[in-house]
Amino acid sequence: MATGRVKVGIIGSQFEADIHAASFQIMPEEAEVVAVASPTAGHAQELATRYRIPRVFSDYREMLKESDIEMVTITAPNSLHKQMTCDIARAGKHVVCEKPLCMTLEEADEMIDVCRQQGVLLMYAEELFFTPKYVKAKEMADQGAFGKVHLIKQSEKHFGPHAAWFWDVERSGGGVWMDMGCHGIAFCYWFLGRPKVESVYCQMGTYVHKDKTIGDDETIGIIEFANGAVGMVENSWAKRGGMDDRIEVYGDQGVSYGNLHMGNALPTYSERGYGYAVEKAPSTSGWSYPVFDELWNYGFPHEMRHFARCVRGKETSQATGEDGRVVLEIICAGYASAGQGSKIALPYRPAGLRKPIDGWRGVGQAK
Ligand SMILES: NC(=O)c1ccc[n+]([C@@H]2O[C@H](COP(=O)([O-])OP(=O)(O)OC[C@H]3O[C@@H](n4cnc5c(N)ncnc54)[C@H](O)[C@@H]3O)[C@@H](O)[C@H]2O)c1
């Protein structure tokens with residue numbers, strides 16, 4: 001096995017690619033980013049210049065020919081995750097795939113199979129498994145602080161994504177249930193110790209962004225687990241004022257509330273405004289809640305460090321392709337539930353579905 005820092009290539013050069021590049025530099029001892037690949041002229045070079053990444057490619061397949069690269073992270077639109085994962089694995093490199101894992105359960109199975117056959121790790125980039133505040137809540141739960149946990153909630157809300165492809169369900173696979181519900185679903189599943197999932201019920205609609213998308217922009221999902229606990233996942237692309245991310249844990253012996261940003265913010269009033277407050281906050285004048293160490297508080301550096309340590313065999317992956325597949329199955333069941341107006345039992349394997357949201361909208365049909 002190779003030694004020294006793991007050499008990393010990043011596919012993509014925009015929002016999440018910047019987070020990956022920054023995260024590897026915040027915790028630099030396990031890995032270094034040596035290459036970036038992105039098709040838009042100039043974008044890859046801009047990221048490379050910002051983070052002093054030596055090699056730049058416009059075609060990621062060319063980057064995969066670099067023999068010293070051991071791990072590649074995918075920060076491209078969801079519809080490309082499957083093909084990229086299989087290409088990376090067949091080049092003999094470990095894969096870090098951003099959430100949501102891919103578009104269909106068939107794709108998920110193929111990604112898991114190909115990585116297994118090629119003997120490489122498929123790691124699922126769900127940072128909430130590494131978010132320091134939420135990890136603390138899970139540690140307390142595992143120590144019995146709350147007794148038997150029967151209800152757990154996670155919600156993530158803002159006013160909608162930054163790039164056009166998210167709004168195009170052919171490229172994203174769905175609306176906010178797919179884009180941000182995947183975090184809450186993964187969180188509940190992970191927090192409760194990965195119990196079997198029994199059913200999913202979802203209520204959703206497109207309330208504010210009908211001009212932009214047929215994707216859902218407000219969603220409530222209820223997940224029943226075989227251990228008797230219930231997960232409630234609430235998401236919005238229609239909530240003004242920047243990112244809001246929180247959890248609640250209820251057991252027969254206690255309760256805990258976590259607000260990812262607020263405990264780490266400086267409540268601030270400014271007549272003139274200033275540079276940056278928090279992800280997707282539209283303005284910094286008037287009242288705002290600027291965060292510090294934003295990536296650290298999310299756990300992105302911890303996540304990337306963990307993945308590099310997995311590649312070196314120092315740790316066992318805590319966020320796998322199988323986790324991503326479970327989340328995707330719940331996403332599909334949630335859309336079907338909203339379409340049928342009833343609870344969907346798991347296992348759920350819709351035949352011939354091209355993308356999760358079709359379970360709700362029908363193929364390309366707006367309701
Ligand atoms: N974990 C999180 O909290 C989080 C946050 C944001 C995005 N994401 C995920 O990261 C992924 C990317 O999202 P984003 O916000 O960075 O999107 P973005 O639009 O900001 O960037 C997408 C990047 O993909 C590149 N790309 C497009 N087609 C490509 C191709 N054929 N080959 C190589 N690169 C290609 C684009 O050039 C661009 O650099 C998505 O799967 C998204 O769900 C995760």
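In this briefing, a helix is a DSSP run of H or I at least four residues long, and helices are numbered from the N terminus. H302 lies in one such run, helix α12. The model described here is predicted. The protein is divided into domain 1, covering 6-126 + 300-318, and domain 2, covering 129-297 + 326-361.

- The centres of domain 1 and domain 2, taken over C-alpha atoms, are separated by 24 Å.
- Domain 1 gives 24 residues to the contact between the domains, and domain 2 gives 24 residues.
- On the side of domain 1 that touches domain 2, the elements giving two or more residues are α1 (15-26), α5 and α12 (300-311).
- The residues on this side of domain 1 divide into 13 nonpolar, eight polar and three charged.

**The largest nonpolar core**

- The largest nonpolar core contains 103 residues. Within this core, the residues with the most contacts are V95, M123, I185 and I331.
- Helix α13 (residues 321-340) supplies the largest share of this core, namely 10 residues.
- Both domains take part, as the core draws at least three residues from each of domain 1 and domain 2.
- Which residues does I331 touch, if residues up to four places away in sequence are not counted? I331 touches P100, G174, W177, M178, G181, C182, I185 and P356. One of these partners, I185, is itself among the residues with the most contacts inside the core.

**Helix α5 and its two neighbours**

- Two packed helices are described by the angle between their axes and the distance between the axes.
- The axes of helix α4 (residues 81-90) and helix α5 (residues 105-118) come within 9 Å and cross at roughly 5°. Angles under 35 degrees count as roughly parallel, and α4 and α5 are therefore roughly parallel to each other.
- In this pair, K82, T85, C86, A89 and R90 of α4 meet E107, E110, M111, V114, C115 and Q118 of α5. By class, the contact of α4 with α5 has five nonpolar, two polar and four charged residues.
- Helix α5 also packs with α13, at an angle of about 175° and with the axes 10 Å apart. Angles over 145 degrees count as roughly antiparallel, so α5 is roughly antiparallel to α13.
- In this second pair, L105, A108, M111, I112 and C115 of α5 meet G321, E322, G324, R325, L328, E329 and C332 of α13. By class, the contact of α5 with α13 has seven nonpolar, two polar and three charged residues.

**Cis peptide bonds**

- K99 and P100 are joined by a cis peptide bond, with omega about -20°. P100 is placed in the loop between β5 (94-98) and α5, and P100 is one of the residues that I331 touches.
- L346 and P347 are also joined by a cis peptide bond, with omega about 0°. P347 is found in the loop between β15 (344-345) and α14 (358-361).

**Positive phi values**

- R194 is a residue other than glycine, yet its phi is positive, near 55°. R194 lies in the loop between α10 (181-191) and β8 (197-205).
- Is R194 buried or partly exposed? R194 counts as partly exposed because it has 13 C-beta neighbours inside 10 Å.
- D293 is not a glycine either, and has a positive phi of about 50°. The place of D293 is in the loop between β14 (286-288) and α11 (294-298).
- D293 is exposed, with 11 other C-beta atoms within 10 Å.

- H302 of helix α12 counts as buried because it has 20 C-beta neighbours inside 10 Å, and 20 or more is the criterion for a buried residue.
- H302 and S23 are 279 residues apart along the chain, and their C-alpha atoms are separated by 8.0 Å.
- T40 lies in the loop between β2 (31-37) and α2 (43-51). T40 counts as exposed because it has 11 C-beta neighbours inside 10 Å.
- T40 and G12 are 28 residues apart along the chain, and their C-alpha atoms are separated by 9.2 Å.

Key
Residues are numbered from 1 along each chain as its sequence is written. This is a predicted model: local features need pLDDT of at least 70, side-chain atom pairs count only at pLDDT 80 or more; totals for chains, interfaces and linings use all residues. Axes are lines fitted to C-alpha atoms, for helices over the stretch in contact, and angles run from 0 to 180 degrees between N-to-C directions. Angles under 35 degrees count as roughly parallel, over 145 as roughly antiparallel, 65 to 115 as roughly perpendicular and the rest as oblique. Two residues are in contact if their C-beta atoms, placed from the backbone, lie within 7 Å. Ala, Val, Leu, Ile, Met, Phe, Trp, Tyr, Cys and Pro count as nonpolar, Asp, Glu, Lys and Arg as charged, and the others, Gly among them, as polar. A nonpolar core is a set of buried Ala, Val, Leu, Ile, Met, Phe, Trp, Tyr and Cys residues joined through C-beta atoms within 7 Å. A residue is buried if 20 or more other C-beta atoms lie within 10 Å of its own, exposed if 12 or fewer, and partly exposed in between; C-beta atoms are placed from the backbone. Domain bounds come from an automatic or database domain assignment.
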